[in-house]
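The following report is meant for someone meeting this structure for the first time. Please keep the sequence and the model in view while reading.

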Amino acid sequence: MKTNRRCRALLAVSLNLMALLFSTTAFITTHWCEGTQRVPKPSCGKDKKTNCLNYSGNETANETNQNVVHYSWETGDDRFLFRYFHTGIWYSCEENINAAGEKCRSFIDLAPASEKGVLWLSVVSEVLYIMLLVVGFSLMCLELFHSSSVIDGLKLNAFAAVFTVLSGLLGMVAHMMYTQVFQVTVSLGPEDWRPHSWDYGWSFCLAWGSFTCCMAASVTTLNSYTKTVIEFRHKRKIFEQGFREEQNFLDQEAIKYFRERAEEERAEAGDLRLQCLHSCSPNRLHNTQL
């Protein structure tokens with residue numbers, strides 16, 4: 001029993017630790033959503049020879065003369081670049097088409113004003129989710145390594161399960177709120193940011209993986225608590241049943257003993273009367289009868 005409880009507690013601690021690591025990584029990374037943005041190609045110049053619009057005529061003259069009308073034979077999507085971008089809770093980063101590397105800007109600033117409150121609520125929920133995971137992990141470690149008795153371990157187990165379930169619910173709400181804010185931002189966000197195509201990234205998968213591990217840890221903890229309580233009740237029932245049987249056995253033995261004693265006393269009294277009938281005087285016999 002003790003070995004099984006320890007194995008279940010160790011499994012719950014491992015799942016909770018995985019949930020904590022996944023949620024923290026997802027919270028600080030910027031790959032919740034990723035895709036491409038369609039932006040106009042820049043004009044070709046001395047430092048820009050590829051992925052640009054090459055206008056007919058003298059490029060140098062065109063660059064210096066603002067009144068010259070520029071023409072390009074490129075039409076449709078040929079006039080645009082599709083740059084890669086990825087977005088997290090805090091920042092949105094996109095590929096820099098004019099230089100190497102990426103440029104990032106605050107996703108909170110990109111979100112529409114009507115959704116900023118929901119986004120901040122999502123951020124607060126994510127922080128509380130991580131904090132409750134830390135509390136649940138600490139209680140599970142105390143129950144696993146420092147519980148002095150089974151009763152104390154059960155109390156810690158129950159509190160750990162409650163905190164873990166609450167954290168999982170907060171995490172689920174936070175993820176769903178962020179998804180809603182991002183979808184609204186795709187439609188109503190700044191023109192220079194709106195994605196041409198997008199999908200969920202690995203940070204989003206980590207966030208929901210963290211939720212899955214969190215709920216698995218809570219189920220394992222509740223299962224351990226329930227099994228321990230059921231085992232204790234079963235053992236108590238067996239003990240009480242054995243105690244009642246032993247008590248009944250002792251009561252029957254006592255009744256049998258007193259019956260035998262009573263029969264022996266009656267037999268002795270009968271023998272004494274018979275002896276008095278043969279050898280005692282009438283007065284003594286009368287006293288014996290009395």
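A residue is called buried when its relative accessible area is under 20%, exposed when that area is over 50%, and partly exposed in between, as found with a 1.4 Å probe and protein chains only. The model is predicted, so local features need pLDDT of at least 70 and side-chain atom pairs count only at pLDDT 80 or more, while totals for chains, interfaces and linings use all residues. Residues are numbered from 1 along each chain as its sequence is written, and side-chain values use heavy atoms, with hydrogens and water left out.

## Overall layout

Helices (H or I, at least four residues) and strands (E, at least two) are DSSP runs, numbered from the N terminus. Of the 290 residues in the chain, 34% are buried. The chain exposes about 18,200 Å², with carbon and sulfur atoms supplying 60% of that area, as computed by the Shrake-Rupley method with a 1.4 Å probe, where for residues only the protein chains shown count as cover. Contact here means heavy atoms within 4.5 Å, and among contacts between residues at least 6 apart in sequence, 71% join residues at least 24 apart.

An unreviewed UniProt entry places the feature "transmembrane region" at residues 127–146, 158–180 and 200–226; such positions are given in the numbering used here, feature names are shortened, and annotations may be inferred rather than shown by experiment. In the model, residues 127–146 are 95% helix and 0% strand, with their end C-alpha atoms 28 Å apart, whereas residues 158–180 are 100% helix and 0% strand, with their end C-alpha atoms 34 Å apart.

## Cores and aromatic pairs

A nonpolar core is a set of buried Ala, Val, Leu, Ile, Met, Phe, Trp, Tyr and Cys residues joined through side-chain atoms within 4.5 Å. The largest one has 28 residues, and those with the most contacts inside it are Trp 32, Phe 107, Leu 119, Tyr 178, Phe 182 and Trp 193. Two or more residues come from each of H1, helix H3 (107–110), helix H4 (116–145), helix H5 (150–188) and helix H6 (202–279), and H6 gives the largest share, six residues. A second, separate core of ten residues includes Leu 15, Leu 139, Met 140 and Ala 160.

Rings of Phe, Tyr and Trp (its six-membered ring) pair if their centres lie within 6.5 Å, and planes under 30 degrees apart count as stacked, over 60 as edge-to-face and the rest as tilted.

| Ring pair | Centre distance | Plane angle | Class |
|---|---|---|---|
| Phe 85 and Trp 193 | 5.9 Å | 70° | edge-to-face |
| Phe 107 and Tyr 178 | 5.7 Å | 50° | tilted |

The pair of Phe 107 in helix H3 and Tyr 178 in helix H5 links distant parts of the chain, 71 residues apart, and both Phe 107 and Tyr 178 are buried. Phe 85 and Trp 193 are likewise both buried. Ring pairs also join a cluster that includes Trp 32, Phe 85, Phe 107, Tyr 178, Phe 182 and Trp 193.

## Cysteines

A disulfide is a pair of cysteine sulfur atoms within 2.5 Å, and a search of the whole structure finds one. Cys 93 and Cys 104 form this link, with their sulfur atoms 1.9 Å apart, and the link is right-handed, with 105° about the S-S bond. Cys 93 lies in strand E3 (residues 91–95) and Cys 104 in strand E4 (residues 102–106), so the pair ties together parts that are eleven residues apart in sequence. Cys 93 is buried because its relative accessibility is 5%, while Cys 104, at 46%, is partly exposed. Cys 141 also counts as buried, because its relative accessibility is 19%. Cys 214 is in no disulfide, and the nearest cysteine sulfur, that of Cys 213, is 8.8 Å away.

Asn 16 lies in helix H1 (residues 2–28) and is buried, because its relative accessible area is 0%. Beyond residues up to four places away in sequence, Asn 16 touches residues including Leu 133, Met 140 and Ala 217. Ser 224 belongs to helix H6 and is buried at 3%; leaving aside neighbours within four places in sequence, Ser 224 is in contact with Arg 5, Arg 8 and Asn 157.
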